[in-house]
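Here is a walk through one structure, element by element. Start with the model itself and follow along.

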Amino acid sequence: MRYEGTVYRPPSEANSLLIQATIGCPHNKCTFCKMYKRTKFRIRPVADIKEDLLTARDYYGDLVQTIFFPDGNTIVMKTDQLAEILNYARELFPFLKRMTVYGSAKILKLKKPEELRLLKEAGLTRIHSGMESGDDEVLSRILKGFTASEMIEEGLKVREAGIELSEYILIGIGGRERTREHALESARVLNAFTPDFVRLRTFIPYNGTPLADDIQQGRFQMLSPHEALKETRLLITHLEGPFELLSDHFSNFAWVNGRIPEDKSTILETLDQLLEIPEKEFRKADSHYL
Ligand code: SF4
C-alpha cells in the first residue's frame, strides 16, 4: 500500500484497512480545517487503488472486514470508478462487512439517487459526512459550501439509497455569538433527515487556519468548557432522533453516548453533573493547537 501525506480517518474506522482513493479535499475551503491545506487535490488512478487493495490482501490475507477509503470527500470519484474499486474489494475480501468514504453535502449534490443506489449495490455501506452545523449563518461563515436545506435534501437522498450516514457536529463552531442558533438549528436539521449516527466533536483552533486568525484578532469568541457543555445540552434537549449519539473524540468535554430518544434523559443528567465541576478542572478550550 502506498500512502501520501497525513492520512486522516474517523475514530470509528480505527480497525479498518485504509486505502487512499483520493489525495486531499476537492472543497478545501472550510475556515477551521487544515487537514489538506497544502495538498493539491487529485483522484488516484483506479489501477493504483486496485493494486493497493491487492497488496493489502497479500499482506493481511482475506479476513479484512472493514475498509475506509481516504482522503476527503472520496464520494467525488466518478460513480463507475468508485463502484469498480468497491466491487474489486468485495472480490478480494469475501468477509467484508463495511466499506466507507467521506462525503459532504456539497459533493453529494453531484450524485443522482440512482448513482447512490449503484454504489450501495457495489458495497458502499456508510458515508461519513461533516455537517458541523445546521445554522445557515454559521455554515456560510465557515465556508462549508452548502446550506441547511441542502444538507437535509442530501441526507434524505443518502438514506433513501440505503446507505448509512454518520453525521459530524462541531460544538462551539458558532462561537459565543451563534451558540444558541447553532444548537437549535443543528437539532432541527438532524431531526429532519435522521442520520444513523450523530457524532460530536468540539471545535479546537488549528494554527494557520482563517478561524484561528479570527480568534487571535478578537473576531471570534470561543466557548468556555461550561459554555460548550451548555451548547451540547441545548442541542441534545432538542434532538428527537431516532439515531445513535456518540462523542467519540478527544476534543469533547463530555463523554456522552446513547440512543436518542431512549437515553436522552440519562445523557442530560450526565451533562448537568459535568456542569457542577468547576471550569478550571477541564482542559483550556484552546489548549491544543494555538
Ligand atoms: S470538506 Fe472536510 S476535509 Fe474538506 S476542507 Fe472542509 S472540513 Fe476539511
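In β6, His 128 is the bridge partner of Tyr 102. This belongs to the pairing of strand β5 (residues 98-102) with strand β6 (residues 126-132), which run parallel and are joined by 3 bridges. Two strands count as paired if DSSP finds at least two bridges between them. Strands (E, at least two residues) and helices (H or I, at least four) are DSSP runs, numbered from the N terminus.

The model is predicted: local features need pLDDT of at least 70 and side-chain atom pairs count only at pLDDT 80 or more, while totals for chains, interfaces and linings use all residues. Residues are numbered from 1 along each chain as its sequence is written, and side-chain values use heavy atoms, with hydrogens and water left out.

Contact means heavy atoms within 4.5 Å; axes are lines fitted to C-alpha atoms, for helices over the stretch in contact, and angles run from 0 to 180 degrees between N-to-C directions.

In helix α4 (residues 113-122), the buried residues are Leu 116, Leu 119 and Ala 122. Buried means under 20% relative accessible area, with a 1.4 Å probe and protein chains only. The buried residues of α4 pack against α2 (79-92), β5, α3 (105-108) and α6. After α4 comes Gly 123, with a positive phi near 120°.

Technical notes
Buried means under 20% relative accessible area, exposed over 50%, partly exposed in between (1.4 Å probe, protein chains only).
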